[in-house]
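The structure comes first and the comments follow.

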Amino acid sequence: MENFEFINAMVLLANFVIVPALSYGSQLALATLSLTIIYGVLRFSNFAQADWMSFGTMATILFTWLFQSAGISAGILPTALLALPFAIIVTALFCLLIDRSVYSFYRKQKSQPIVLMIVSVGVMFILQAVVRFIIGPNDRKFFDGEKYIVHALDFKNYFGLAEGLTIKSTQLITVIVALVAMISLFYFLQKTKLGKSMRAYSNNEDLALLSGINPEKIVIVTWIISSILITTAGVLYGLDKSFKPFTYFNLLLPMFAAAIVGGIGSPIGAVIGGYVIAFSEITLTYAYKKFFVYLLPESLEPSGLMQVLSTDYKFAISFIILVIVLIVRPTGIVRGKII
Amino acid sequence: MNDELRAPIAFIIMGILLATVGFTQSWSVSLSVINLCIISSIMAIGVNLQWGYGGLFNAGVMGFTALGGLTAVLVSHDPIYEAWDKAGVGIVISAIIFVLSITALLFVFRNIENKQIRNTLIILIIVFGLIGINNFYGPSIDIIESINPAKTGFLGGLGLPIIFSWLIAAVVAGLIAWVIGKITLRLRSDYLAIATLGISEIVIAVVKHEDWLSRGVKNVSGLDRPVPYEIELQQSEWFLNLVERLNFSKLEAMQSLSSRQDLLNDLVIDSSGIFVKLCYAGLFFSVLLLIFYLSQLALNSPWGRMLRAIRDNEEAASAMGKNIFAQHLQIFIIGSAIIGIAGAMLTTLDGQFTPGSYRPLRFTFIIWLMVIIGGSGNNLGSIFGGFFIWFIWIEAEPLSIGFMNMLAGGLEYENPLRMHLLGSAAHLRLFIMGLLLLLALRFMPRGVIPEKIQKK
């Protein structure tokens, strides 16, 4: 019996903390990767990045609707995964259009990073307007296909436990897709010629130019990679929860926090930062009362909710971690600034 | 165009725009726009001090505005004695524990060299601090929030006239700015932007969810006013006489006595509204003038020159022996304090504090637009930016609806495309704002009224 209590407690923790944090962390890691790559290569903090996420997700939703109306589906998988590549193409094209018409001017002028940052605020406005204009400001769910891989009730009956474990298919998809995306990105950066030249450009622009690297090509590749990552992140987040432009905009702070915590400009740092922020957000706002009720003898049962912070302050956590990192180790966990 | 002429021309055009609203819509609308324009201008001056003179990107304008608003509530609302009696002690004790833990943390962090001891102590302080605060805080807020929750349910304020809050708001915002500045100003400029973006979200979270402090999303309404109420005006003799005298010819033209009385009543109701708004405008305008005058004075002093020197070349200024960090901190605090004043004024004007209405676009990024389009580094430019951008922000909505109507002109009434176009008209103003910002940055990076380069 003693053992069951322990297993119950662990299942509870897995169900409410580990699984959600793992999927949210993967989404955040992808989004942060795109932010950090823009920072590393183009050298500015892109305030519009969260709205690129909205834009990419919106494009995916539109393609999903198109496919659904044409009767195309991916079987047990969500249709959005079929729509994703098309949405990425649209997002990347729009990114490049914005880069041509807006950012490239300042790049040629060698403007300071802070000017580019203000420019990105302008782009942010435009993107918000475009997204709200096309799809509206409301909540949208676009998930279809098989919802659960493991259902709490089946889990309980099968193992004879008091606690159930639910794994939504979106959570598994998230983790798998994020892993694939990360591995291919690191392979690209480390092994391919283009990736290496990107890293060289990020490390030392002048030296890279001297060795004959074409800067325009690097910029284009950077925007394309950023669009792939941010659209994927947005779609995974939207499948897992739902799509709402304002919620996506609010992800900007966790993204920045993750980038700085991990070490801004460093892709490994971005991944670590994403998971750190996600796990802290969820572990610090979870009420551990039931967990301790399983583990501790009755006499020691906690009276309160055993919650460090109320869920209202979820994003305050990413900020607090950010501040701590800024004080203790401003360069981030992985010393950043270069790809 | 001659730089000297830009400011007068810009302000004349602005005046014409506001007068057009006065003539075509109504003077009451025009005055409401002007009041908010003045508040926006003050915020823009605050941001301009930080950005235009100090080169600091503060992305947390919203937070300082909300702090100002909160201060207005805490200063002017009557204290809820019952709540203080029953739970005041608990709140005070948790506040003391909070302050003590932070001081202890800072002390440990600064004075203990050994890493292991330091880290253990830090964890111990945090754990005991949290346990201590939880013991007093939770029960106290439950009591406070249960006292007459429909009407109060919070601790109330000091019961002072609301106009004091404008000054206190400056102090509160300045203190918070000091803390943020201490942490982030030594780092790269982007970090300040990100940190202030974060702190503003936290401030909003606190005022939204700490019901014992601010009633949260239940809002605090019915704050007292620094100007007379419309209803009092309508009943006072001197005001009736004034309205009668001003509209003498109009009233004379009326034939019967009863229709003349009706007209007078209408006029009194209209003019009382306008009078109140004029009072606000007068108050706000004096604050604006004072802040403008003081900042011009400061910025033309040796201190202002030093700031510009630091902004233009940090290394050189540092080599001349200027303490860059201290100067940045000063200007960051001053700018934030000014934004705090504007926040308190805004809440005073609204007569209520609505935490849910603070959105980063409306309170942070729009203010940035004002500074950049007005001309960063020029306070007059910021004032113009404040007026112009606020005017566009307000008038963009009717204009976009008109534009959409034109676009959908050929379509039938029930056409889904037409419905969609009209429904999304409100989002067009975001587009206009973004476009204005991008165009200004590209073609007029120095703004409408550029910074004067002093050559001596």
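1. Basis of the values. This is a predicted model, in which local features need pLDDT of at least 70 and side-chain atom pairs count only at pLDDT 80 or more, while totals for chains, interfaces and linings use all residues. Residues are numbered from 1 along each chain as its sequence is written, chains are lettered from A and ligands numbered from 1 in the order in which they are written, and side-chain values use heavy atoms, with hydrogens and water left out.

2. Overall form of chain B. Chain B contains 19 helices and two strands; helices (H or I, at least four residues) and strands (E, at least two) are DSSP runs, numbered from the N terminus. Along the principal axes, its C-alpha atoms fill a box of roughly 90 × 65 × 55 Å.

3. Surface and interior of chain B. Of the 456 residues in chain B, 50% are buried, where buried means under 20% relative accessible area, exposed over 50%, and partly exposed in between (1.4 Å probe, protein chains only). The accessible surface of chain B is about 22000 Å², and carbon and sulfur atoms account for 66% of that surface; the areas come from the Shrake-Rupley method with a 1.4 Å probe, and for residues only the protein chains shown count as cover.

4. Extent of the interface. Chain B contributes 46 residues and chain A 45 residues to the contact, which requires heavy atoms within 4.5 Å. About 4200 Å² is buried between the two chains, 80% of it from carbon and sulfur atoms; buried area is the accessible area (1.4 Å probe) that two parts lose on being put together, summed over both. Tyr191(B), Ile194(B) and Arg442(B) supply 15% of the area that chain B buries against chain A, more than any other three residues.

5. Elements on the chain B side. The elements giving two or more residues to the side of chain B that touches chain A include α6 (163-184), α7 (189-209) and α19 (428-443) of chain B. The greatest contribution to this side is that of α7(B), with 14 residues.

6. Arg335(A). Where does Arg335(A) lie in chain A? Arg335(A) is in the segment after α14 (314-328). Arg335(A) is exposed, its relative accessible area being 53%. A distance of 27 Å separates the C-alpha atoms of Arg335(A) and Val121(A), which are 214 residues apart along the chain.
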